Amino acid sequence: MSTAHCPALLIAAPASGQGKTTVTAALARLHARQGRRVRVFKCGPDFLDPHWHQLASGQPVHNLDLWLNGEADIRARLHAAAASSDLILTEGVMGLFDGEPSAADLAIQLGLPVLAVIDASAMAGTFGALVHGLRHYRPDLPWAGVLANRVAGEGHEQMLRTSVRADDLGAEPGGIDAGWMGALRRDAGFALPERHLGLTVATELPDALARLDALADAMAATPLGRLDAAGWQRWAVAFAPQAQRPVAPLLQGRRVAVARDAAFCFIYPANLDALRALGAELAFFSPLADEPVPDGDALWLPGGYPELHADALAQGTRCRSSLAAHIAAGKPVWAECGGMMPLFDGLRLADGRRVPMWGLLPGEVAMQPRLVALGPQRWDTAQGALRGHSFHHSQTTSPLAPLAQTVPGSRFGRPEAVYGQGPVRASYFHAWFASNLEATAGLFTRAQS
């Protein structure tokens with residue numbers, strides 16, 4: 001394999017809620033419509049933003065996190081993308097310098113130029129100070145420029161542009177300033193709808209593609225949107241090939257059933273790739289449609305939004321019966337976060353109503369008014385450390401003694417219990433399968449401990 005060169009940007013911001021997802025999706029949709037091959041990545045363990053980026057780009061979206069993936073895995077994914085793409089976009093997480101590691105750490109280690117997106121709706125001259133701070137806070141940060149978001153009009157845009165200091169701009173041939181990439185107007189039609197865990201999943205909205213087209217049209221009017229393929233080469237990055245460790249076919253000949261629908265939608269495409277690389281055959285089914293668990297050797301219940309579909313899941317007697325039969329046959333089940341919640345006796349919703357659930361594990365789950373846990377986690381299994389994260393608004397009470405506890409990956413985290421009963425293993429822990437393929441195979445072949 002040889003080094004692959006491809007234009008690449010990391011879209012970041014001074015804080016959450018500035019419009020990173022909007023700008024990333026707009027750029028991806030604009031270039032995909034023009035026939036370019038666009039690959040989008042998401043910094044951090046987010047499940048929701050990638051749904052929008054996949055719709056915009058037409059390509060699967062993988063996550064990049066220095067703690068979750070490790071640098072070698074990230075470099076391998078970027079090299080593979082660069083070898084077959086015209087453009088790579090990576091959406092940052094939170095603010096540019098937030099977290100350990102941060103989006104800035106990723107940009108510096110991988111050489112990804114940073115495009116800063118700033119919500120300028122309530123500022124004028126301070127905009128320039130923010131640009132200066134973002135650009136120079138880390139002297140080794142690769143810099144592409146800034147895009148103002150939620151701008152009121154032409155006058156406001158002019159104030160913002162003139163606030164940027166001369167040393168944060170650099171006029172280039174063709175009249176574009178290296179620091180100023182343009183502005184997007186304040187428009188309610190550009191907003192991507194949200195709920196308690198983040199953005200609404202794109203596939204749930206019938207007008208999702210129309211929203212992305214409107215964003216792409218707005219982006220096309222900016223200096224950034226008007227750049228042609230040659231103009232994007234200013235941000236070309238050299239991605240070196242990475243040595244690949246051989247993957248043992250530990251799941252060869254095994255059929256793994258995977259729940260996948262609006263209630264079980266927190267699935268990393270990279271996790272499906274990992275299962276296939278291990279040799280597994282995947283069979284998808286929808287508990288919401290009361291489909292039975294497909295015949296096979298193991299089952300994965302991924303996270304999602306069971307609380308939004310509690311009544312439908314409770315009424316799914318065919319699915320519940322087939323799941324009970326699967327467990328009675330001693331076949332492994334891995335249930336994570338939202339995939340774990342329906343296994344318990346009941347689910348108390350945010351309005352206080354209790355919905356009886358599948359009753360396959362003893363205990364109760366209750367939605368909470370605030371986020372209960374967020375952050376990286378490590379599960380030290382018999383096959384070594386499996387990395388992942390937790391992010392949930394519910395709390396579980398069970399008489400089951402945890403088989404294991406995860407180890408928080410940050411000093412602000414709290415451990416997550418790993419419950420077990422028979423062949424079932426369940427936790428709020430979301431696993432990144434590629435971090436330990438042997439431990440992943442263990443989830444679907446025998447009980448982890």
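Colleague: In which helix does Thr24 lie?

Modeller: This is a predicted model, where local features need pLDDT of at least 70, side-chain atom pairs count only at pLDDT 80 or more, and totals for chains, interfaces and linings use all residues. Residues are numbered from 1 along each chain as its sequence is written, and side-chain values use heavy atoms, with hydrogens and water left out. Helices (H or I, at least four residues) and strands (E, at least two) are DSSP runs, numbered from the N terminus. Thr24 lies within residues 20-33, which form helix 1.

Colleague: Is Thr24 buried or exposed?

Modeller: Buried means under 20% relative accessible area, exposed over 50%, and partly exposed in between, with a 1.4 Å probe and protein chains only. Thr24 has 0% relative accessibility, so Thr24 counts as buried.

Colleague: At what angle do helix 1 and helix 7 pack?

Modeller: Two packed helices are described by the angle between their axes and the distance between the axes. Axes are lines fitted to C-alpha atoms, for helices over the stretch in contact, and angles run from 0 to 180 degrees between N-to-C directions. For helix 1 and helix 7 the axes are 8 Å apart, and the angle is about 85°.

Colleague: What does that angle make helix 1 relative to helix 7?

Modeller: Angles under 35 degrees count as roughly parallel, over 145 as roughly antiparallel, 65 to 115 as roughly perpendicular and the rest as oblique. The angle of about 85° therefore makes helix 1, relative to helix 7, roughly perpendicular.

Colleague: How many nonpolar, polar and charged residues are in the contact of helix 1 with helix 7?

Modeller: Ala, Val, Leu, Ile, Met, Phe, Trp, Tyr, Cys and Pro count as nonpolar, Asp, Glu, Lys and Arg as charged, and the others, Gly among them, as polar. Helix 1 brings residues including Val23 and Arg29, and helix 7 brings residues including Leu209 and Asp217. By class there are 11 nonpolar, 1 polar and 4 charged.

Colleague: Which residues make the contact of helix 2 with helix 7?

Modeller: Helix 2 (residues 49-57) and helix 7 (residues 208-220) have axes 10 Å apart and pack at about 75°. Helix 2 is thus roughly perpendicular to helix 7. The contact is made by Trp52, Leu55 and Ala56 of helix 2 with Ala208, Leu209, Arg211 and Leu212 of helix 7.

Colleague: Why is the pair of Phe47 and Phe266 called by its particular name?

Modeller: Rings of Phe, Tyr and Trp (its six-membered ring) pair if their centres lie within 6.5 Å; planes under 30 degrees apart count as stacked, over 60 as edge-to-face and the rest as tilted. The structure holds 12 aromatic pairs. In this one the ring centres are 5.0 Å apart and the planes are at 5°, so the pair is stacked.

Colleague: Which residues do ring pairs link into a cluster?

Modeller: Phe47 also pairs with Tyr268, with centres 4.2 Å apart and planes at 25°, so that pair is stacked. Phe47 and Tyr268 are both buried. The cluster is Phe47, Phe266, Tyr268, Tyr305 and Trp432.

How values were computed. Contact = heavy atoms within 4.5 Å.
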